[in-house]
Amino acid sequence: MTLSQAGVHEASPATAPDTPPPGKEGPGTETTGTEATGKEARRRTWPVAVGTVALLLALTALSLSVGAGEVGPGRVLDYLLDRGGARADGRLALVVGDLRLPRTLTALLVGAALGVAGAQLQSVTRNPLAETGLLGVNAGASLGVVLGIAVLGVQTSYGYLAFAFGGAVLASTLVLLIAGSRGGGSPMRLVLGGSAVGATFGGLTGILIVNSPETYDRYRVWVLGSLAGAEGWTTLRQLAPALGAGFLLALLTTRPLTALALGDDLARGLGHRPGATRATVAVAVTLLTASAVALAGPISFLGLLAGFLARAVAGPTVGRLTLLAGLFGAAVLTGADVLARVVARPFEAPVSVIVALVGAPALIAIVRSRRSAALAIADPAEAAPPARRVEPPSPKPDVVLRNGAWSLLLPRRALLASLGLGAALLAAVVVSAHAGQSELGLGRTFQAVFGYGDRLDVLLVQKFRLGRIVAGLAAGAALGLAGCLTQTLARNRLATPELLGVNDGATAAVLISATASGTFGAWWAGPLGALAAVLVVTLVSGGLGARGYRVLVVGLAMSALASAVIQVALARRSLNSAGSLYVWTSGSLNGRDYAIATPVLIGLAVLVPIALVAARRLAVLRFDDNVAAALGVDPGRVRLACLLLAVALAGLAVGVCGPVGFVALAAPVIAARLAGPARVPVLGSALTGALLVVLADTLGRVLIGGVEIPVGIVTTVLGGPFLLWVLLSRKSSTA
């Protein structure tokens, strides 16, 4: 999972959940409101908990009664009560005792583990959008399984279990080391460390998969998540100690986490150690999530959903929140497992897809309800006083060109940065055109790029290589520009088009068009899918602006649904077709040419000038909406225009080369460092994005002889360390 999916904010309002409404502050107001909210949450918690336990009992009975074998509820009850010597019936003992009972118990424990882990992680990071994959556990488990399959030829469920658990523990250990290296393991470092490690491990997994069809064939089944492999007591017995230790640590950290919610200083005054508490919570989350992944595969979204639902009922109180999250997680997964067995008989549907299909609408309903105020993280405009903004420095007119009544302002630093990026881009094009052909020297390659030299050289370079390079340039420029617009719009360096489900929506649309046509999806499906995703997110969330938090949550739900569609589409295709499409969904320029790049180039020719004009008005929004309105700028129209521009650009890029990760994040950051903070780096971001994609594609073609690594995997592997460097550096913290 990416960082944007974690819902990380640079200035999160979550630390002040009980701030009274503006204009109502006064002696005793906050205390009274908090006490009333706490009493209401306590009144709601226990009836809901009792009702959830009753639901769990009903779901458990249903799970024991449903299966491939023709054993109904009556015979199951006979076996459980040992009536009439039912346990002596070998077939009944096999179906109920050896298959359904361990599977049902595994569903209950795995769901509870993911729910508790989600609640713990959300509490320690003070971010109700934190997901259990945030510590890199899912990515580590996936890498462990792929290594076991590709390197050691593991084929058994026990082998998957061992490697999944080992990879998950390794990933979370690295996250703890990164988070604790400086700053005492702060929540932000924990989040960023998990995102960086998860991205890098995910990229390494992709490298192993794209070069081994057999490994991918086994992996694509495991990654969907299923409890079918839990039919038997062996695996559950093996991981029971790890699950028990995780639940115990979660119980022991309840009181320290409650104190930690008051702030590190107050927690120390009460005798707790914040650093040790965070480390203990991380260990508990690791044990619970790693065990769950080893037993049932990477079932994402459940930890987020369970914690979110529990917070809507119990409020931010850690004890009640953890209890309800465990119950909700167990109920959701058990119910999803029952549905997975009956909706596609005689086959089983992927349980992770069922969780997404059931959980996403529930999450959206909670966010749209009035009770969303109990989530302890409200919209920034409503929940907390606005953070003190540092006004950007005024642009200095370095160079002014005049011709009569016309004048043109050219900031010297931004101009030099653009010229430098242009020169670097030209050099990257020459190197990329030369890559993979040792007998063609750089000089001959440079001449062939411009149509000079030997005719065969010109044909080779311009016909077969430059088409791919031009596609990469166009896609990279579109991604960089889209990232620049969304980051400036959100005033957040972590904001990328993925926040609104753009990438997943565009990818799902291309795959659906490929399924309908029987060939590779058309490029225009990407922008249409991106636009559809944003329209759904915006309409369901109720709009942008002050409801940006709703947009973020609905975007997460939309991404979960689109990801489920993508996984199902890949799993249902033949191995050859699924393998080629998986490479594209990782981000690839293989087979791209002028014909595919042309629509993006036309789009850039139209959208870049519009973005340059919009950037002048968007720069005014760096101040305050009132100031912008006083200067004649309509903030709502500017935001809408920039959002539509970003969606169109990102959709075009995905339609060409798939969802290439981290370019939309990295390009604006690098461009801003080069050009300075005075202006929105629109042109610099486009040039930087194009440069990054071309360099990553070249590196993917030459890194391993005879093997091509997709450009999206290269950017993902390198993006994790870059994320840490940018966001944890001193300069970035003040940018």
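Predicted model: local features only at pLDDT ≥ 70, side-chain atom pairs only at ≥ 80, totals over all residues.

L649 can be followed through its own contacts. With neighbours within four places in sequence left aside, L649 is in contact with A478, L481, A482, L485, L604 and L607.

## The chain overall

The chain contains 29 helices and two strands. Of its 735 residues, 54% are buried. Among contacts between residues at least 6 apart in sequence, 76% join residues at least 24 apart.

## Helix α17 and its cover

Helix α17 spans residues 442-449, and T445, A448 and V449 are buried in it. Seen down the axis of α17, these buried residues fall within an arc of 100 degrees, so they line one face of the helix. What covers them includes α16 (412-434) and α18 (455-490). Just after α17, G451 takes a positive phi of about 85 degrees.

## Packing against α27

Helix α27 (residues 682-702) packs with α16 at an angle of about 20 degrees, and their axes are 9 Å apart. An angle under 35 degrees counts as roughly parallel, and α16 and α27 are therefore roughly parallel to each other. The crossing in which α16 passes α27 is left-handed. On the α16 side, the residues that meet α27 are S418, L421, G422, A424, L425, A428, V429, V431 and S432. Their counterparts in α27 are L683, G684, L687, T688, A690, L691, V694, L695, T698 and R701.

The axes of α18 and α27 come within 6 Å and cross at roughly 135 degrees. That makes α18 oblique to α27. This crossing is right-handed. From α18, the contact is made by R468, I469, G472, L473, G476, A477, G480, L481 and C484. From α27, it is made by V682, S685, A686, G689, A690, V693, V694, D697 and R701. In α27, A690, V694 and R701 take part in the contact with α16 and also in the contact with α18. L481 of α18, which contributes to the contact with α27, is in contact with L649 as well.

Helix α22 covers residues 575-585, and its buried residues are S577, A578, L581, Y582, W584 and T585. Seen down the axis of α22, they fall within an arc of 155 degrees, so they line one face of the helix. Just after α22, G587 takes a positive phi of about 95 degrees.

Helix α7 (residues 213-222) and α22 have axes that come within 10 Å and cross at roughly 90 degrees. That makes α7 roughly perpendicular to α22. In α7, the residues P213, Y216, D217 and R220 meet L575, A578, G579 and Y582 in α22. Two of these α22 residues, A578 and Y582, are among the buried residues of that helix.

T104 lies in helix α3, which runs over residues 90-125. T104 has a relative accessible area of 3% and is buried, the cut-off for buried being under 20%. Not counting residues up to four places away in sequence, T104 touches T60, S63 and L64.

A310 lies in helix α12 (residues 302-314). A310 is buried, with a relative accessible area of 0%. Not counting residues up to four places away in sequence, A310 touches G315, L321, L324, A325 and F328. A310 and A119 are 191 residues apart in sequence, and their C-alpha atoms are 8.2 Å apart in space.

Note on methods. Residues numbered from 1 in each chain as written. Heavy atoms only, no water. Buried < 20%, exposed > 50% of the residue type's maximum accessible area, 1.4 Å probe, protein only. Helix = DSSP H or I, 4+ residues; strand = E, 2+ residues; numbered from the N terminus. Arc of directions from axis to C-beta. Contact = heavy atoms within 4.5 Å. Axes fitted to C-alpha atoms, helices over the stretch in contact; angles between N-to-C directions. Parallel < 35°, antiparallel > 145°, perpendicular 65-115°, else oblique. Left-handed = near helix turned anticlockwise from the far one by under 90°.
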